[in-house]
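Visitor: I'm new here, could you walk me through this one?
Guide: Happy to, take a look.

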Amino acid sequence: MGQSARILIVDDEAAILFTMEAMLQRRGHSVTAAASGEEALQLIAQSSFDLLLLDLKMPGMSGLDVAYRAREIQPEVSILFLTGSSPIEGAVDDLDLHHFDYVIKTAAPQDVLARVAEALAARP
């Protein structure tokens, strides 16, 4: 088992939050959940995180909006976007968001865990 990390999951779907949180806690990570971008930014301002799992599309503040603001507060945080369907490279091509990747929400648990491990390993 790898080293424990501080992970913030942000998704407006309660089922996704619950599933991701439980899966990552079973791996020994310290997990915090937020149901909106605004809530996430409050948490980011209060605590440091190793990894942000951000739903790309949420009502109000999107995952991209959160990523930009989070990088201002915690420049070294790794970011993993959660997306419902297709790859998002085109959506972030022009962004200055180093250390990011994406995972499809319906991916198998082992694939999600592998992406999380990769994102954590890529931290400077």
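**A first tour**

Guide: Of the 124 residues in the chain, buried ones make up 45%. This is a predicted model, where local features need pLDDT of at least 70 and side-chain atom pairs count only at pLDDT 80 or more, while totals for chains, interfaces and linings use all residues. Residues are numbered from 1 along each chain as its sequence is written, and side-chain values use heavy atoms, with hydrogens and water left out.

Visitor: What makes a residue buried?
Guide: Its relative accessible area is under 20%, with a 1.4 Å probe and protein chains only.

Visitor: How many helices and strands are in the chain?
Guide: Five helices and five strands, running β-α-β-α-β-α-β-α-β-α from the N terminus on. Both are DSSP runs: H or I of at least four residues for helices, E of at least two for strands.

Visitor: Why is α1 called roughly perpendicular to α5?
Guide: Helix α1 (residues 14-26) and helix α5 (residues 109-121) pack at an angle of about 65 degrees, with their axes 11 Å apart. That angle makes α1 roughly perpendicular to α5, the term for 65 to 115 degrees. Axes here are lines fitted to C-alpha atoms, over the stretch in contact, and angles run from 0 to 180 degrees between N-to-C directions.

Visitor: Which residues make the contact?
Guide: Met20, Met23 and Leu24 of α1 meet Pro109, Val112, Leu113 and Val116 of α5; contact means heavy atoms within 4.5 Å.

Visitor: How do the residues of that contact divide?
Guide: Into seven nonpolar, no polar and no charged. Met, Leu, Pro and Val all count as nonpolar, so the contact of α1 with α5 has no charged residues.

How values were computed: Parallel < 35°, antiparallel > 145°, perpendicular 65-115°, else oblique. Buried < 20%, exposed > 50% of the residue type's maximum accessible area, 1.4 Å probe, protein only.
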